[in-house]
Amino acid sequence: AYPSVFGRDRGTAISNCVDAARGGYFVEVPTDGPHYGYPEGSWFHYDDDTCDHDCMISEYFYWALTSILETQNYPGRYEDIRREWELNTKDLVRFKDPAVYALLTDPEYKLATKAPDGNYTPSAMVISEN
């Protein structure tokens, strides 16, 4: 769905967000930048050299959405993940990466707005009898 937005090709909305978060477009993991190999100012520094740009999009989508949903925001978590991802809260994503925040919170795409918590109310589901 929405290939120009969420597609894996260079130039899609999500791909452009990844490139901004990494400080540029990289086919391979950079090694000479001051920020875990990435340029200064980057906030996504995935360093698995088996993960190509397509894979980076998946990793980035995960980090951004779970941070927006506040599932990365608990004591000690930032210290555990900062080498790879610096925006572990909804507010950090909103202010540091407004493009992906706008994309992942746009109601048109019907992405999660609340993290699963294991408590479900089946009777609240609308079931069509077609």
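Predicted model: local features only at pLDDT ≥ 70, side-chain atom pairs only at ≥ 80, totals over all residues.
The buried residues of α3 are H53, M56, I57, Y60, W63, A64, L65, T66, S67 and I68, and they pack against α2, α4 (77–81), α5 (90–96) and α6.

## The nonpolar core

The largest nonpolar core has 30 residues, and those with the most contacts inside it are F44, M56, Y60, W85 and V100. At least two residues of this core come from each of α1 (3–6), α2 (13–22), α3 (53–68) and α6 (98–105), with α3 giving the most, namely seven residues. In soluble globular proteins, nonpolar side chains tend to be buried together.

## Cysteines

The structure holds one disulfide, which joins C51 to C55 with an S to S distance of 2.0 Å. The torsion about the S-S bond of C51 and C55 is about -105 degrees, and the disulfide is therefore left-handed. Its two ends are assigned to separate accessibility classes: C51 counts as buried because its relative accessibility is 5%, while C55, at 27%, counts as partly exposed.

C17 is in no disulfide, the nearest cysteine sulfur being that of C51, 17 Å away. With a relative accessibility of 7%, C17 counts as buried.

## A buried aspartate without a salt bridge

D97 is placed in the loop between α5 and α6. Although D97 is buried, it has no salt bridge, and the nearest side chain of opposite charge, that of K96, is 9.6 Å away. If its neighbours within four places in sequence are left aside, D97 is in contact with A21, W43, Y60, L87 and L92.

## Salt bridges

The structure holds three salt bridges. R8 forms one of them with D54, with the closest N and O atoms 3.4 Å apart; this pair links distant parts of the chain, since R8 lies in the loop between α1 and α2 and D54 in helix α3, 46 residues apart. Both partners are partly exposed, R8 with a relative accessible area of 39% and D54 at 35% relative accessibility.

A salt bridge also forms between D47 and R83, whose closest N and O atoms are 3.4 Å apart. Because D47 lies in the loop between α2 and α3 and R83 in the loop between α4 and α5, the pair ties together parts that are 36 residues apart in sequence. D47 is partly exposed, with a relative accessible area of 39%, and R83 is likewise partly exposed, with a relative accessible area of 44%.

The side chains of D91 and R94 also meet in a salt bridge, at 2.2 Å from N to O. D91 and R94 both lie in helix α5, three residues apart, about one turn of the helix. An α-helix has 3.6 residues a turn, so residues three or four places apart point the same way. D91 counts as partly exposed at 40% relative accessibility, as does R94 at 31%.

Note on methods
Residues numbered from 1 in each chain as written. Heavy atoms only, no water. Core = buried A, V, L, I, M, F, W, Y, C linked by side-chain atoms within 4.5 Å. Buried < 20%, exposed > 50% of the residue type's maximum accessible area, 1.4 Å probe, protein only. Helix = DSSP H or I, 4+ residues; strand = E, 2+ residues; numbered from the N terminus. Contact = heavy atoms within 4.5 Å. Disulfide = S-S within 2.5 Å. Lys, Arg positive; Asp, Glu negative; His and termini not counted. Salt bridge = Lys/Arg side-chain N within 4 Å of Asp/Glu carboxyl O.
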